[in-house]
Structures are given as C-alpha cells and as structure tokens.
Amino acid sequence: MLSKVKCPDGIRRNVIFTITCWYFCNWRNKHIFNVEVDMPFTSRNTTFIVVVEWVKAANGFGEKPDRIHIFLAWEPPTIDQLKLNVDGSKKAATNIIGAGGVIRDSSGDWIASFAVNLGQGHILEAEFWGLYFGPKLAIEKGITNLAIEMDAAIVVSLIQQINSLQCHPLAALVHSCCDLMIQIGNCHLVHIYGEKNCVADCLANWSYNLDLGIYFFDETPI
C-alpha cells in the first residue's frame, strides 16, 4: 500500500525505493571490493536528486509530439500547363499488373486518360509502364508543357539516375520513358503522396476489368 502513496513532486515511493536500493547496493559492492570511490556525504539527498532527474527524463521520453493534420488533395497545374498523374497497380492474389493515368488542366477538367492491363508481372514494371504510356498519350495530344506526378518514389529516383542504370533489368524501359519526356519539351517529373494520386490509382486498379492491352479515354470512364 505504501508504494501507491505519492511523495513530493508526484514521485511514487516504489520508484524512490528501487533507485535507492540500486545505489546502496552499488556503493556496498565498491566498498567490499576496495574500489576507490567518493562516498556521498548525504546519501539521502544524492539518491533523491537522481530519482527526480530520472522521473523527469522518463516523463519526457513518454511525451509524443503534437500531430499536425495536413489536407492532401490533387493540386491543379498552372494556367499554361497540363498535369499528368500516373500509377501502377498489382493484384497480389494473381500477380496481375496494370497501370493508369489521367491528364487534367488548371481547372481540373479531364483532357485524356488511359488504363492498361499488362498481364502478370512486378509492381515496378507496372509503375514504369504507366510512366511510359502517360507521356506517349501527351505527345499524341500535342502537349508541350506537362507536369508529371506519381507516388512511386523508387521510379522517380531511377529516372534521376538514368545514366547509371545500364545493368538494371528495366533499363530499356526507363530510357524509353526519359526519351518520351524529352520529346514533350517542357516536362518534369515529381513524387507525390498517394492521397494526391487517387484518380490515377483508380484507373490502374480498374484495368483489371479490361482485356489485355491499353485503352484510351477522352472523357471520364463510367
């Protein structure tokens, strides 16, 4: 029962007892084994100071930083620019992969989109095929100023390391993606959070319902 009684500064007696026992045992061992150590003149004050510091440290360790809520949503491009969002997807049960993408203007209006059923494969392949067919669609539409967004950070990283990917199994596809972006002219690729890429993600997942191959849409699919 005494262990539940709080001492000054809100410190429990069981904490004081535990740390005091440890210090006295430590001092006793050093005295027995003739270890040179300066014994405290007031052991009570010494242990109590340690207890207070330990409690402060323990309470600080348990504190969690305040969370900041951030609203994440698709952001339109500038007036003179169009934006392409692409994404890849994989169905774990069957290893079927697909990709999708959508081009929108500064008002959020749907310019064009695509969805492609790629058969079986790896998710990285799906992401790169999305990045391939997206710019290809933009070129066919005559777009020369394009911002590209995707939530696959590894794809964006590999594109940035294009000159050192000679031995990568997808090197040819990566180079093809870069060549298409160069053809567009003013084109840049950035990584975004998945919450900002929901429409492209839906198109990629919707591709599982399609036959093998790629499908283009000038309007929002039903």
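Reader: Which residues have the most contacts inside the largest nonpolar core?

Author: In this predicted model, the largest nonpolar core has 35 residues, and those with the most contacts inside it are Phe128, Leu131, Leu146, Ile148, Met150, Ile159 and Leu189. Strands E1, E2 (96-104), E3 (110-120), E4 and E5, together with helices H3, H4 and H5, each supply at least two residues of this core.

Reader: And which element gives the largest share of it?

Author: The largest share comes from H5, which contributes 7 residues. As a general background, nonpolar side chains in soluble globular proteins tend to be buried together.

Reader: What does Ile148 touch, then?

Author: Once its neighbours within four places in sequence are set aside, Ile148 is in contact with Leu84, Val86, Leu131, Pro135, Met181, Cys187, His188, Leu189 and Val190. One of these, Leu84, also stands opposite Ile148, which belongs to E4.

Reader: Which strands pair with E4, and in what sense do they run?

Author: Strand E1 (residues 82-91) is joined to E4 by 4 bridges, and these two strands run parallel. Strand E5 (residues 186-191) also pairs with E4 in the parallel sense, over 6 bridges, and within E5 the bridge partner of Ala147 is His188.

Reader: Changing topic, how many salt bridges does the structure hold?

Author: The structure holds 3 salt bridges. In one of them, the side chains of Glu149 and Lys83 meet at 2.7 Å, N to O, and this pair links distant parts of the chain, with Glu149 in strand E4 and Lys83 in strand E1, 66 residues apart.

Reader: Are those two buried or exposed?

Author: Glu149 is buried, and Lys83 is buried as well. In general terms, side chains of opposite charge can pair when their charged atoms come close.

Reader: What about the salt bridge of Lys196, which residue is the partner there?

Author: The partner of Lys196 is Glu75, and their side chains meet at 3.2 Å, N to O. Lys196 sits in the loop between E5 and helix H6 (198-206), whereas Glu75 sits in the loop between helix H2 (43-62) and E1, so that the two are 121 residues apart. Lys196 counts as buried because its relative accessibility is 19%, which is under the 20% cut-off, while Glu75, at 46%, counts as partly exposed.

Reader: And where do Asp218 and Lys141 lie?

Author: These two residues form a salt bridge whose closest N and O atoms are 2.8 Å apart. Asp218 lies in the segment after strand E6 (213-217) and Lys141 in the loop between helix H3 (123-140) and E4, so the pair ties together parts that are 77 residues apart in sequence. Lys141 counts as partly exposed, because its relative accessibility is 40%.

Reader: Why does Leu165 count as buried?

Author: Leu165 counts as buried because its relative accessibility is 6%, and buried means under 20%.

Conventions
Residues numbered from 1 in each chain as written. Predicted model: local features only at pLDDT ≥ 70, side-chain atom pairs only at ≥ 80, totals over all residues. Heavy atoms only, no water. Pairing = 2+ DSSP bridges. Buried < 20%, exposed > 50% of the residue type's maximum accessible area, 1.4 Å probe, protein only. Salt bridge = Lys/Arg side-chain N within 4 Å of Asp/Glu carboxyl O. Core = buried A, V, L, I, M, F, W, Y, C linked by side-chain atoms within 4.5 Å. Contact = heavy atoms within 4.5 Å.
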